[in-house]
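I am opening this notebook to keep track of what I looked up, entry by entry. I begin with the terms and then go on to the places themselves.

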Amino acid sequence: MKRRFRWIFGILILAAILLGRTASAVVPDKEPVPPEPFAVQAGSYILMEMQTERVLAGRDIHERRAMASTTKIMTALLTLEQPDLDAYFTVDSKAILVEGSSMGLLPGDQVTLRGLAVGMLLHSGNDSAGAAAVKIGGTTENFVAMMNERAAQMGLNDTHFATPSGLDADDHYSSAYDMAVLAKNALENADFSQICATVRMQISFGNPPYDRWLKNHNRLLEEYDGCIGVKTGFTKKAGRCLVSAAQRNGITLICVTLSAADDWNVHKRLFDYGFSLVQQVDLAACLPEISLPVVGGTSSSAKARLSGDAISTVLQGEERQVTAKIFVEPFYYAPLPKEQKAGEVEFYLGDQKLGCWDLYPERTVEVRVVEKKGIWDRIKSWFGR
C-alpha cells in the first residue's frame with residue numbers, strides 16, 4: 001500500500017495516552033544479557049523465546065565454540081528442503097565411511113533423503129550426514145559451502161561450518177546465540193519439527209531396503225513435559241552440547257548449552273525458569289478503535305480489523321508497555337471491499353518490534369448511488385414542496 005499519506009498513531013499520542021509509556025528495548029545482539037538465574041555449569045549457554053528471539057538468560061552467548069553434532073541441525077534442514085524426499089537412491093560408498101556415531105549405512109544401501117534426516121536427528125548418524133552431503137552437493141565441500149551460505153542468510157555471524165557432521169575441525173564453530181537462531185529456523189520446517197520431536201521412528205533402508213526402528217538420543221523428549229526436540233552433540237573438543245526446545249501454553253523456548261557436563265538437568269531448570277517469566281498477550285487489546293474514512297460510499301467510514309490473531313510473548317507485567325504504530329490512508333474511495341488490505345499495525349515493546357499485522361475493513365462499503373432526476377421531476381418536486 002502507498003504510504004505517502006499514512007498516519008502514524010500510537011507512538012506520538014495514542015500510545016502515550018492509551019497504551020502506557022514505552023519500555024527500553026531488549027535486543028540480544030546489542031543489549032546486556034539478563035543476569036543468570038542460577039549458576040549454570042557450561043562453557044556458554046542461552047535461553048531464548050522463539051517467537052521474538054528475546055534472550056531470557058545466558059552467558060557468553062556470542063562466544064565461538066565447537067558445537068559437535070548439533071551441526072546436524074543445519075545439515076538436516078538443508079536435506080529436508082530438497083525435492084523428492086521419499087525417492088530411493090544408492091548412497092555414495094565413500095561418503096558413509098565416517099568415524100563416530102552411525103545410523104548403520106553400508107556400501108550399496110538404498111535410502112531416501114527423509115530417511116537420512118531421521119538418521120541424523122535421532123541417531124546422530126555421521127554416515128547419514130555424509131551421504132546427504134554428497135547426494136545434495138555433489139561433493140562434501142560443495143555441501144559445506146551451502147551450509148555456510150545458509151548460515152549467512154540467517155545472520156549467523158559467529159558460525160562457520162567445515163563438516164556436515166560436526167566432527168572437530170579448527171574452522172568449525174558456532175555460538176550459543178547462533179545455534180538458538182538456527183534451531184528456530186529449523187523448527188519452522190514442518191518435516192524437521194516432526195522428526196526431531198519423535199522418540200522412535202521407523203525408516204527403511206538397506207540393499208534391498210527393509211524397515212528399521214531408530215530411537216532418539218534426546219532424553220528430554222521423555223523426561224521434560226513439552227519438549228519438542230532438538231539435537232544432542234558430543235566430541236572431545238566440544239564437550240557435551242545440547243540444543244533443545246519446549247512448548248507450554250503456546251510459548252516455545254529454545255535452550256542451548258555448549259560444553260555442559262550436566263546438560264539434561266541444566267535445560268530442565270532453565271525451561272522452568274523461562275516459563276515462569278513469560279506470558280502470551282493479545283495485542284489487539286492494546287489498540288484503540290480504528291475507523292477508516294470512506295468517500296462516496298453507503299457509509300462514511302468502516303471499522304478496521306486485524307488480520308489473524310495478534311498474539312505475542314512478553315514478560316509478566318510488560319503488556320502495559322506495548323505500543324503501536326498504525327498506518328492508514330487519510331481516506332478511501334468506495335467501493336471498499338472487506339477483502340482489501342487497508343493498512344498495517346506494528347506493535348513494539350520499546351524498540352523491539354513484536355510483529356506487524358495487516359488491517360482490513362470489518363465490512364464492505366458499497367458505492368452510494370445518487371438518483372438523477374429529469375427537468376419535469378424537478379418541477380414536480382418543487383411544486384410538491
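I took buried to mean under 20% relative accessible area, exposed to mean over 50%, and partly exposed to mean in between, with a 1.4 Å probe and protein chains only. Helices (H or I, at least four residues) and strands (E, at least two) are DSSP runs, numbered from the N terminus.

I noted that this is a predicted model, in which local features need pLDDT of at least 70 and side-chain atom pairs count only at pLDDT 80 or more, while totals for chains, interfaces and linings use all residues. Residues are numbered from 1 along each chain as its sequence is written, and side-chain values use heavy atoms, with hydrogens and water left out.

Just after α3, serine 124 has a positive phi of about 55 degrees. I then turned to α6, residues 176-187, which reaches 16 Å from its first C-alpha to its last, close to the 16 Å expected at 1.5 Å a residue (the expected span is 1.5 Å times one less than the number of residues). Because 11 of its 12 residues are buried, α6 is largely enclosed by the rest of the structure; Met179 is one of the buried residues.

**Threonine 70.** Which residues does threonine 70 touch, not counting those up to four places away in sequence? I found Met179, Lys231, Thr232, Gly233, Cys241, Leu242 and Val243, where contact means heavy atoms within 4.5 Å. Threonine 70 sits in the loop between β3 (54-59) and α2 (72-80), and its relative accessible area is 0%, so it counts as buried. A polar atom of its side chain lies 2.5 Å from the backbone oxygen of methionine 67.

**Positive phi in loops.** In the loop between β3 and α2 I also found aspartate 60, whose phi is near 50 degrees, a positive value in a residue other than glycine; at 41% relative accessible area, aspartate 60 is partly exposed. Aspartate 84, in the loop between α2 and β4 (89-90), has a positive phi of about 55 degrees and counts as exposed at 62% relative accessibility.

**Cis peptide bonds.** I recorded one joining asparagine 207 and proline 208, with omega about 0 degrees; proline 208 lies in the loop between β6 (200-206) and β7 (209-215). The bond from alanine 334 to proline 335 is also cis, with omega near 5 degrees, and proline 335 lies in the loop between β16 and β17 (343-349).

Key. A polar contact is a pair of N or O atoms within 3.5 Å; within protein, one must be able to donate a hydrogen and the other to accept it, and residues adjacent in sequence count only if both atoms are side-chain atoms.
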